[in-house]
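Open the model in your viewer and keep the sequence beside it. We will go from stop to stop, selecting a few residues each time.

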Amino acid sequence: MKRLLLKLAITATVCTLLSSNPTAAQVLPPAKKAARVEITQGPALEMARDDLAIIRWTTNNPGGTDVHFAVVYYGTDPEDLSQKAQSQIRVNRGHPETIFRVRMPGLKPQTAYYYKVTSTESNGKSDGVESPINQFTTAGPGERIVVYPPQAERPR
């Protein structure tokens, strides 16, 4: 019984120490910045409802700080992409590519939207990549468009 209590006390102490210290990712210096960041896939619509859409794209690993922001500038006029949606991601240093996804809420049903994507480090410094302007149309009320993952065709 005493051995069990001793093991529990040691385990609790170790867990406390581990949870109170920063993780290794927080104390590592920023990764080497990529010489050139390129979009290798997308950007493309992943999913759309009548009131929101998710845009996704893939780049080579940008390096730099571990925390990045995926950013989408959008609007209903390709000359006015004044709306902005972004999401925070953590770059995995061990992966050669990074997948960015941004949720765009508050959209209008059956409306064409134009957008371009970019990404930044947590300090606001651009990764130096920006897509051309793309377009998608939101679904009608109660409908949903799913592009990724690809949906299998239903048997007829």
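Start by selecting L45 and I55: L45 stands opposite I55, which is in strand 2. Strands here are DSSP runs of E, at least two residues long, numbered from the N terminus. This is a predicted model, where local features need pLDDT of at least 70, side-chain atom pairs count only at pLDDT 80 or more, and totals for chains, interfaces and linings use all residues. Residues are numbered from 1 along each chain as its sequence is written, and side-chain values use heavy atoms, with hydrogens and water left out.

**The sheet**

Now select residues 39-49. This is strand 1, which pairs with strand 2 in the antiparallel sense over six bridges. Two strands pair if DSSP finds at least two bridges between them. In general, strands of a sheet pair through backbone hydrogen bonds, either parallel or antiparallel. Follow the chain from strand 1 to strand 2: a hairpin joins them through three residues.

Next, pick M47. Opposite M47 stands V146 in strand 9. Strand 1 and strand 9 are antiparallel too, with three bridges.

Move to residues 53-60, strand 2. Eight bridges join strand 2 to strand 5, and the two run antiparallel. Select A53 to find M104 of strand 5 opposite.

Zoom out. In what order do the four strands of the open sheet lie? The order is 5-2-1-9, with antiparallel pairing. Strand 5 (97-104) and strand 9 (144-146) each have a single partner strand, so at these edges one side of each is left without a neighbour in the sheet. From one strand to the next, the twist averages 20 degrees. Angles run from 0 to 180 degrees between N-to-C directions, using axes fitted to C-alpha atoms.

**Around S131**

Select S131, in the loop between strand 7 (126-130) and strand 8 (134-137). Is S131 buried or exposed? S131 counts as buried, because its relative accessibility is 5%. Buried means under 20% relative accessible area, exposed over 50%, and partly exposed in between (1.4 Å probe, protein chains only).

Show the neighbours. Leaving aside those within four places in sequence, S131 is in contact (heavy atoms within 4.5 Å) with I39, P43, K116 and V117. The S131 side chain reaches the backbone nitrogen of V117 at 2.9 Å.

Step to E130, in strand 7. Then show both side chains of E130 and K116, which make a polar contact (3.3 Å). A polar contact is a pair of N or O atoms within 3.5 Å; within protein, one must be able to donate a hydrogen and the other to accept it, and residues adjacent in sequence count only if both atoms are side-chain atoms.
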